[in-house]
Amino acid sequence: MRGWRYPVGEPVEIELDAQGRLWSEQLESWLLVDGFYLRLYDRAGQLRLTEAEADFAAYQSEATARQAAEAARKALEAQLETKDQQLAEMQRQIARFCKNAAKQSNL
């Protein structure tokens, strides 16, 4: 890969850095050959996604969020079911206690 700058009209070749990248001032990105593709990276070295890659990443993120929300909903439903069972058991115990107390007071 080769690149040039034109500071005063004459082309000056841009040297690759140690990782084989070129810095583009216009794109504010590192350019790096990746197989048959020229990929762009930000100043921190993070890959700049293509529009299709960004759309896919957003789709995956939304799908993950939906799955997490569904798992949270199921967990809450399970907790509610447990609480309902505990409440029913307490109501049975109260009814038994009241029944036993009524028997005791009739004696």
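Trainee: Leaving aside neighbours within four places in sequence, which residues is Ser-24 in contact with?
Mentor: In this predicted model, Ser-24 touches Ser-29 and Leu-31. Contact here requires heavy atoms within 4.5 Å.

Trainee: What makes Ser-24 count as buried?
Mentor: Its relative accessibility is 12%. The cut-off for buried is under 20%, so Ser-24 counts as buried.

Trainee: Which backbone nitrogen lies 3.1 Å from a polar atom of the Ser-24 side chain?
Mentor: That of Leu-27. A polar contact needs N or O atoms within 3.5 Å. At 3.1 Å, the distance falls inside that limit.

Trainee: Where does Ser-24 lie, and what is its bridge partner in S4?
Mentor: Ser-24 belongs to strand S3, residues 22-24. Its bridge partner in S4 is Ser-29. Also in that pairing, Leu-22 stands opposite Leu-31 of S4.

Trainee: How do you know that S3 and S4 pair?
Mentor: Count the bridges. Pairing takes at least two. S3 and S4 (residues 29-34) have three, in the antiparallel sense, so they qualify as a pair.

Trainee: And what makes S4 and S5 a pair?
Mentor: Five bridges join them, and the strands run antiparallel. With at least two required, S4 and S5 therefore pair. One link across them is Leu-31, whose bridge partner in S5 is Leu-40.

Trainee: What is the order of the strands in the sheet?
Mentor: The order is S3-S4-S5, in an open sheet with antiparallel pairing. S3 and S5 (37-41) are at the edges, because each has a single partner strand; one side of each is left without a neighbour in the sheet. From one strand to the next, the twist averages 35 degrees.

Trainee: Which residues take a positive phi in the hairpins?
Mentor: In the hairpin of S3 and S4, with four residues between the strands, Glu-28 has a positive phi near 50 degrees. In the hairpin of S4 and S5, with two residues between the strands, Gly-35 has a positive phi near 65 degrees.

Trainee: How many aromatic pairs are found in the whole structure?
Mentor: One. The ring centres of Trp-23 and Trp-30 are 5.2 Å apart, with planes at 65 degrees. The limits are centres within 6.5 Å and, for edge-to-face, planes over 60 degrees apart.

Trainee: Are Trp-23 and Trp-30 buried or exposed?
Mentor: Buried. Trp-23 has a relative accessible area of 12%, and Trp-30 has a relative accessibility of 17%. The cut-off is under 20%.

Trainee: Which charged end sits over the ring of Trp-30?
Mentor: That of Arg-21, 3.9 Å from the ring centre. The distance limit is within 6 Å.

Key: Residues are numbered from 1 along each chain as its sequence is written. This is a predicted model: local features need pLDDT of at least 70, side-chain atom pairs count only at pLDDT 80 or more; totals for chains, interfaces and linings use all residues. Side-chain values use heavy atoms; hydrogens and water are left out. Buried means under 20% relative accessible area, exposed over 50%, partly exposed in between (1.4 Å probe, protein chains only). A polar contact is a pair of N or O atoms within 3.5 Å; within protein, one must be able to donate a hydrogen and the other to accept it, and residues adjacent in sequence count only if both atoms are side-chain atoms. Axes are lines fitted to C-alpha atoms, for helices over the stretch in contact, and angles run from 0 to 180 degrees between N-to-C directions. Rings of Phe, Tyr and Trp (its six-membered ring) pair if their centres lie within 6.5 Å; planes under 30 degrees apart count as stacked, over 60 as edge-to-face and the rest as tilted. A charge sits over a ring if NZ of Lys or CZ of Arg is within 6 Å of the ring centre and within 35 degrees of the ring normal.
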